[in-house]
Amino acid sequence: MTRRQAGFTLVELLLAVTLMGLLLALAYGGLRAASKASESGQEMLSEASRLRITHQFVRKQFNLMLPLAFEDLEVDPPVRVSFEGERNRVLFVGPMPGYLARGGPQVQLFEFAEGESGLELQFSHAPLLGFERSQLLDLEPIVLFEDLAEGGFLFLDFDDEGQPIEWLERWEELGATPLSVRMEVRFADEARVAWPPLVASARLDPSSVIPGGGGGETYAERIQDMIQGRRNNQPREQARDPRRDGN
């Protein structure tokens, strides 16, 4: 009798190679799916972090708005403009973080405008001292958000007693700031991220910086106090260093 030779037949070898190929394809597919899920998760975390930072920044700037005039309208009677508000834009005066701008209060513009990738939330600013509207166009605006489906601002009006009345899409009282500002944003891809409600009110009492508001100082002195870091409720004669009084 002839002895059978040990080894695999051609059919067995082809079957083994085919099974190995299928296993490798399944393993690769699983790794690729896991990689995509990880990348998608990282993108969502990044978007959520950017959303939170932008939300905090916008809220803080609205909270710190100052009823300081940045423009005088030559009408009868004259109007000092301290706030402009429309559905797609707001313009006001407020301090900026030191790492973004120096030189005292800044005129700040938040605007929903068309950009390269659709509707964007843009931010521009310029120094209050010697302000001209053209200065807001000197530099490219900062894009806070892009790929928006819609966005807008609303302004809370108030009566003579300071009680809220209604939300307006346009602010008519140019010489005064609204009681609160509300910003609404809806992203093109709502499944990825949602904008939390944002309603912010100015923390500073307008009478503390408006001329004739109870301090006896001139408008220019109020601005100098703010630029030099004096507190609004601190008399000018008390702003000296007590160590110089000889005590």
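Phe57, Phe62, Phe83, Phe92, Phe110, Phe112, Phe123, Phe153, Phe155 and Trp171 come together in one aromatic cluster. This is a predicted model, where local features need pLDDT of at least 70, side-chain atom pairs count only at pLDDT 80 or more, and totals for chains, interfaces and linings use all residues. Residues are numbered from 1 along each chain as its sequence is written, and side-chain values use heavy atoms, with hydrogens and water left out.

**Aromatic rings**

- The structure holds 13 aromatic pairs; rings of Phe, Tyr and Trp (its six-membered ring) pair if their centres lie within 6.5 Å, with planes under 30 degrees apart counted as stacked, over 60 as edge-to-face and the rest as tilted.
- Helices (H or I, at least four residues) and strands (E, at least two) are DSSP runs, numbered from the N terminus.
- How buried is Phe123? Its relative accessible area is 2%, so Phe123 is buried, and Phe57 counts as buried too, at 15%. Here buried means under 20% relative accessible area, exposed over 50% and partly exposed in between (1.4 Å probe, protein chains only).
- Phe123 also pairs with Phe110: the ring centres are 4.6 Å apart and the planes stand at 40°, so this pair is tilted.
- Phe110 sits in strand β5 (residues 106–115) and Phe123 in strand β6, so to speak two distant parts of the chain, 13 residues apart, linked by the pair.
- Phe110 is buried, as is Phe123.

- Arg133 forms one of them with Glu71, where the closest N and O atoms are 2.8 Å apart.
- Arg133 lies in the loop between β6 and β7, while Glu71 lies in strand β1 (residues 71–73), so the bridge ties together parts that are 62 residues apart in sequence.
- Both ends are partly exposed: Arg133 at 32% relative accessibility and Glu71 at 24%.
- Glu71, Glu84, Arg89 and Arg133 are linked in a network of salt bridges.
- Within this group, Glu84 is found in strand β3 (residues 83–86) and counts as buried, at 15% relative accessibility.
- The side chain of Glu84 makes a polar contact of 2.4 Å with that of Arg133 and another of 3.4 Å with that of Arg89. A polar contact is a pair of N or O atoms within 3.5 Å; within protein, one must be able to donate a hydrogen and the other to accept it, and residues adjacent in sequence count only if both atoms are side-chain atoms.

**Glu184 and its two arginines**

- Which residue meets Glu184 in a salt bridge of 3.2 Å, N to O? The partner is Arg87.
- Glu184 lies in strand β9 (residues 180–187) and Arg87 in the loop between β3 and β4 (89–94), so the pair ties together parts that are 97 residues apart in sequence.
- Glu184 is partly exposed at 27% relative accessibility, and Arg87 is partly exposed at 31%.
- Glu184 forms a salt bridge with Arg182 as well, with the closest N and O atoms 3.3 Å apart.
- The charged end of Arg182 sits over the ring of Trp167, 6.0 Å from its centre; this label requires NZ of Lys or CZ of Arg within 6 Å of the ring centre and within 35 degrees of the ring normal.

**Gln122 and Glu140**

- Gln122 lies in strand β6 and counts as buried, at 14% relative accessibility.
- Glu140 is placed in the loop between β6 and β7 and counts as exposed, at 73%.

**A backbone feature**

- Asp147, in strand β7 (residues 142–158), has a positive phi of about 55° although it is not a glycine.
- Most residues other than glycine have a negative phi.

Terms used: A salt bridge is a side-chain nitrogen of Lys or Arg within 4 Å of a carboxyl oxygen of Asp or Glu.
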